Amino acid sequence: MAQGLNRRQIGVTTAMIDSYGELIFEMSHNKQSRRGDPIRELDFDAIEATRHERGMSDGQIGEQIGLSEMQVMYIRAMMERRRFHTNHFQRLLELGGGKRFREERFTAHEERFQYHDDALALRDAMSFDPARARHYSEQGWWNNDTLSGLLARHAADRGAAAAVIQGETIISYADLLHRVDRLAGGLHGLGLGRGDVIAVQLPNVEEYVISYLAIARLGAVMTTLYMPHREREFETLLGHSRARALICLADAGGFPAAQAALNLKLPKLQRVIAIGEPVTGAVPFEDLAGTSTGADSLDLPLPVAADPMLLLYTSGTTASPKAVPHNSHTMLGNGRLGVGAHQLGPDDVIMSAPPFGHLFGLYALHMSLHNGAANLLLPSFTPPDLAAAIEAGRATALLAAPAHLAACLGLGLFDKHDCSALKIVILSGSAVPEEMARAASAKLPNCEITQLWGMTETQGGLYCRPGDGIEISATSAGRPAPGAEARIGEDGELQVRGSMLFPGYFDNPDANAAAFTHDGWFRSGDLAAQDGNGNFAITGRIKDIINRGGVKYNPREIEDLLDSHPAIAQSAIVPMPDKILGERACCFAVPTDQGGDPEISLDTLCAYLLGHGIAKTKLPEHLVLLDEMPLTPTRKIIKGRLPLPETG
Amino acid sequence: MGDDDVANATEFDAREAKKAILDYCLGKGALAAGVADLDALERIAPPGHRPSDIMPKVKSVISLGVGGQTQGAWAVPAKAMGYFGSTETRAYTISYGAAFFIESKYQTPAIYCPPDMDNEKGPRVPLQSLKLHAEVAGIGARSLAGDILLHPEFGYMYFASIFTELDLPPDRPMAQNPCPAPSCVSMYRQIGRTPCQKFCPVQCLSGKIDEAGKQAEMHYDMAACAEISQQYEAVPALLAEAMAAEDAQGREEALFDPDNKMLWYKMSVGSGGLLAQCFECMRVCPIATKAPLADPIRRSKAKAEA
Ligand code: SF4
Ligand code: SF4
């Protein structure tokens with residue numbers, strides 16, 4: 001309406017708005033120019049001659065282009081509506097103040113804050129039960145700790161303290177911050193940013209730590225690939241995670257990782273960043289790490305704790321991979337609470353024997369970054385390297401799988417190396433043989449040997465505390481971590497919930513439906529028993545339960561007996577399908593003598609088990625001898641990959 | 001009306017009256033006041049916006065300016081600046097009082113000139129250009145910052161006008177334009193831009209300075225300036241967005257996302273944040289911020305020294 005008249009009454013049509021709109025917009029006060037200073041000088045001729053440049057009134061425009069004043073007014077108002085962005089105001093607020101504005105650095109507000117669809121889908125997966133989220137926040141288990149915030153704090157408070165130790169190299173917190181800032185700036189320069197998934201396949205080297213922290217600084221999400229992963233896993237995991245970049249070695253022990261990733265031509269994978277020799281088509285890591293413009297000088301927004309930060313896979317190869325998203329709440333909250341419970345301080349030197357590709361490895365990083373302790377890196381595990389690194393780096397805390405420790409004990413390495421600085425060993429990743437725990441405790445008398453139970457979905461879920469004593473810690477995984485709760489379900493399964501628990505698998509509704517109870521507890525798939533003091537002992541996997549004609553039993557007890565048989569290095573018992581009984585037990589064994597011991601036969605093993613009081617119904621009915629077991633990075637047997645024999 | 005008043009009215013001395021009226025304005029807090037040449041205004045203002053269009057028998061237009069910002073206000077970030085919106089009310093209060101003063105003292109009609117939109121001339125068009133009145137009255141000169149008026153002593157001010165049928169001797173526009181300041185000229189010579197041009201967040205200012213260091217050209221993209229600092233388009237736009245939304249969630253977001261909800265708040269309480277300009281150009285302007293009497297701190301120091 002204009003002066004009480006509508007568009008029809010003043011005779012404005014859509015065609016007129018389209019034809020004259022732009023012209024009227026430009027001729028009006030929307031664009032103004034002035035030459036000289038004619039009004040102040042009262043130079044009336046110049047005022048008239050330049051009137052149109054100062055922006056004309058609607059009446060004057062109408063006179064010039066042959067429209068009525070009202071028509072011009074109407075068309076101008078419509079054009080202003082079309083041309084003006086609303087709430088542009090935010091742009092101004094973001095700039096903060098005139099003196100900070102630099103045109104060359106100006107990126108429009110909307111562009112700076114754009115998340116792409118994949119990033120939004122991943123954020124959508126971070127859906128927690130509101131009542132639980134509130135509880136965790138009220139308890140302080142969730143706060144706004146982020147890796148970037150922690151790093152900046154330590155760099156400011158204790159910049160000279162060692163953050164990363166790898167062999168002779170020591171990186172201080174101040175230096176680490178600087179290097180992380182540069183790499184984050186370099187990654188940003190490649191077009192990577194908030195919410196982007198960036199994959200990392202590296203051994204436990206300083207570049208891993210720097211990459212992880214730089215990814216976190218960007219507000220991007222790290223997904224990990226294990227070192228043994230090859231094209232098949234690359235394709236599955238990089239594809240499922242929608243990774244936009246991969247940081248890897250040019251040459252991973254003979255496997256051309258960077259080239260292999262490039263060859264896959266995955267549609268989402270925009271960048272392959274290679275460490276080592278130049279690879280055509282890949283970006284050299286050194287170039288990014290040496291970027292002159294860091295993330296801070298670019299004013300890149302800081303991440304917050306609720307942002308997803310990790311997307312981890314529980315297995316590399318299945319058709320529908322289980323992707324576990326975590327944010328700083330679940331990860332760093334659990335790390336922070338773990339530091340107190342494990343009695344670690346800023347002067348500790350924390351070491352992870354497992355690779356950072358595995359969450360147990362990252363747990364070491366999360367804890368050390370919480371209180372500014374040092375991280376001692378072990379690029380690749382061999383028992384002598386581990387023992388030598390503990391000695392040289394004066395490690396005070398070791399996170400290891402039982403197999404790591406067993407290997408060192410077996411080779412007598414704790415006699416050869418001074419590991420007296422160690423005050424705590426945290427064992428996790430697979431069942432801890434009681435005898436081994438006791439042997440380690442005897443060898444390292446000033447060190448607490450403790451167990452931790454956790455999964456990719458939980459990080460540290462249960463653990464023993466220093467002071468529990470070897471009786472408890474050799475036989476149980478202890479009690480729930482602060483912020484966690486555990487219970488045993490009707491079927492004997494360990495169920496957990498708490499501030500460390502992931503929100504659900506990304507893009508896998510079937511897995512989610514199976515993973516949680518109706519009241520929101522996570523089904524671990526592990527069988528557990530609880531003692532009178534609240535300690536949980538893990539007794540097996542629910543999947544490993546053998547149902548022989550309705551008689552169900554857990555083969556763990558039999559495996560433990562077989563493992564202590566002198567001719568057997570490792571054993572595993574799995575159910576094999578049977579037409580009559582449903583399932584029968586099949587035993588896989590790796591003999592100590594790799595050539596194959598004539599003494600090992602199904603009969604001799606059964607006799608041995610009967611001699612140890614095992615019921616007849618639980619005896620294995622097949623035996624398969626193997627040279628080695630398929631193992632996870634934490635050296636746990638992957639039972640699903642054991643080759644079941646064909647039977648009737 | 002008493003006898004004395006009648007006597008005053010008959011012995012009218014235009015110079016005395018002008019002095020009394022301007023003194024009234026200064027006494028009430030105006031920093032500068034002057035009388036604009038009515039003939040000049042009538043020639044320069046477009047039809048419909050001339051003083052006589054509002055007050056047919058107008059003889060004089062008095063313009064006054066009040067201090068824009070405090071020194072502190074210039075120093076805080078733009079986030080806060082976006083919400084300074086009521087400074088001009090002070091100018092209107094004084095001019096309203098001046099109209100009363102004129103009528104009671106000189107028995108002659110006077111009005112406080114409405115600063116608002118012209119209902120007949122459509123959106124974004126004022127009834128009168130207060131800027132033109134002030135410029136012709138000699139209390140401000142157009143700057144390179146989108147023609148914002150500047151004063152060599154008081155820097156940047158807010159203006160208000162009074163129209164009266166009292167015939168007062170007019171002042172002249174300023175002889176010199178204080179903009180560009182010498183430091184702006186040297187910056188322009190080095191980088192091709194003055195501070196206001198460089199720091200405008202939407203880059204809506206450009207122009208040229210001549211050999212003599214005077215303004216040669218000034219270009220101002222008022223649409224861009226308005227877009228960043230004013231929100232009058234936002235209300236109907238977000239209603240349109242809500243109507244066009246695909247589903248209930250889209251409608252909810254269109255109406256209640258934090259930006260939009262803030263807008264409803266501003267509208268319901270009449271907050272000045274709706275009308276603010278960003279004034280980054282003024283924040284970096286040496287005249288607006290550093291003229292000898294630009295802010296209360298400078299003015300009170302000058303007073304103490306005097
Ligand atoms: S008020 Fe803001 S947007 Fe407008 S000209 Fe000044 S700096 Fe530019
Ligand atoms: S900063 Fe101020 S004095 Fe300098 S050119 Fe701009 S308006 Fe004029």
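In chain B, 69% of the contacts (heavy atoms within 4.5 Å) with a separation of 6 or more join residues 24 or more positions apart. This is a predicted model in which local features need pLDDT of at least 70, side-chain atom pairs count only at pLDDT 80 or more, and totals for chains, interfaces and linings use all residues. Residues are numbered from 1 along each chain as its sequence is written, chains are lettered from A in the order in which they are written, and side-chain values use heavy atoms, with hydrogens and water left out.

Chain B has 306 residues, and a compact globule of that length would have a radius of gyration near 19 Å (over C-alpha atoms, by the rule 2.2 Å times the number of residues to the power 0.38); the 22 Å of chain B agrees with this. Of its residues, 52% are buried, meaning under 20% relative accessible area with a 1.4 Å probe, protein chains only.

The whole structure holds seven cavities of 30 Å³ or more. A cavity is a set of points on a 1 Å grid over the protein atoms alone where a 1.4 Å probe fits but cannot get out, and lining residues have an atom within 4 Å of a point. Volume is the space filled by probe spheres set on the points, which are joined across faces, edges and corners.

The largest cavity has about 100 Å³ of space. Its lining has 15 residues, with B:L150, B:C179, B:C184, B:C196 and B:C285 nearest the centre. The second largest cavity has about 70 Å³, and its lining includes A:T146, A:D307 and A:S328.

How values were computed:
On a 1 Å grid over the protein atoms alone, a cavity is a set of points where a 1.4 Å probe fits but cannot get out, and a pocket is an open set with protein on both sides within 12 Å along at least five of seven lines; lining residues have an atom within 4 Å of a point. Buried means under 20% relative accessible area, exposed over 50%, partly exposed in between (1.4 Å probe, protein chains only).
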